[in-house]
Amino acid sequence: MPLVMYTVWRILLFVAALGAGYVLGLRSWLLVLVAAVVAFAVSYLALAGPREAAAVWLAEKEQRRKDGSAKHDVDTDFEDAVMDRESAESAESAEPAEPAEPADGAGSTGTAAGGSERRA
């Protein structure tokens, strides 16, 4: 979040510099160039605190990524539990089941020699 705030402040400084340059009579590419230089200088001097906070936040985030100590949120833990349960259930149901015997015990479908039976 500190990075977002620092970026928003820098954009606001650039827009303010654009407005001030326009009021002072600057036009076209010179307006943009002067506004960029002014916004850079002012942000370097005035936004040291937010810049440091953004740098610390980024460094901590990178360190957590390298350490692998990123926090797991509740959703991730829940999804992992569901996936574990489903894989356990599918492993149990993967055991070969014995085929069901026909009710009459004859093992035929009631047709002679594999032919089809015509019903009226």
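Helices H2 and H3 are among what covers the buried residues of helix H1 (helices are DSSP runs of H or I of at least four residues, strands runs of E of at least two, numbered from the N terminus; buried means under 20% relative accessible area, exposed over 50%, partly exposed in between, with a 1.4 Å probe and protein chains only). The model is predicted: local features need pLDDT of at least 70 and side-chain atom pairs pLDDT 80 or more, whereas totals for chains, interfaces and linings use all residues. Residues are numbered from 1 along each chain as its sequence is written, and side-chain values use heavy atoms, without hydrogens and water.

**Exercise 1.** Describe the secondary structure of the chain and its share of buried residues.

*Solution.* Step 1: the chain has four helices and zero strands, and its elements run α-α-α-α from the N terminus on. Step 2: of the 120 residues in the chain, 8% are buried. Step 3: take the contacts (heavy atoms within 4.5 Å) between residues at least 6 apart in sequence; 54% of them join residues at least 24 apart.

**Exercise 2.** Compare the span of H1 with the expected span, and locate its buried residues.

*Solution.* Step 1: the expected span is 1.5 Å times one less than the number of residues. Step 2: H1 has 22 residues and reaches 32 Å from first to last C-alpha, close to the expected 32 Å. Step 3: Tyr 6, Ala 17 and Gly 21 are the buried residues of H1. Step 4: these residues fall within an arc of 45° (taken from the directions from the helix axis to the C-beta atoms), so they line one face of H1. Step 5: Ile 11 and Val 23, on the other side of H1, are exposed. Step 6: after H1 comes Gly 25, with a positive phi near 100°.

**Exercise 3.** Classify the aromatic pair in the structure.

*Solution.* Step 1: rings of Phe, Tyr and Trp (its six-membered ring) pair if their centres lie within 6.5 Å; planes under 30 degrees apart count as stacked, over 60 as edge-to-face and the rest as tilted. Step 2: the structure holds one such pair. Step 3: the rings of Phe 40 and Tyr 44 have centres 6.4 Å apart and planes at 25°, so the pair is stacked. Step 4: Phe 40 and Tyr 44 lie four residues apart in H2, about one turn of the helix, and both are exposed.

**Exercise 4.** Characterise the salt bridge in the structure.

*Solution.* Step 1: a salt bridge is a side-chain nitrogen of Lys or Arg within 4 Å of a carboxyl oxygen of Asp or Glu. Step 2: Glu 62 forms one with Arg 65, with 2.7 Å between the closest N and O atoms. Step 3: Glu 62 and Arg 65 are three residues apart in H3, about one helical turn. Step 4: Glu 62 is partly exposed at 31% relative accessible area, whereas Arg 65 is exposed at 58%.
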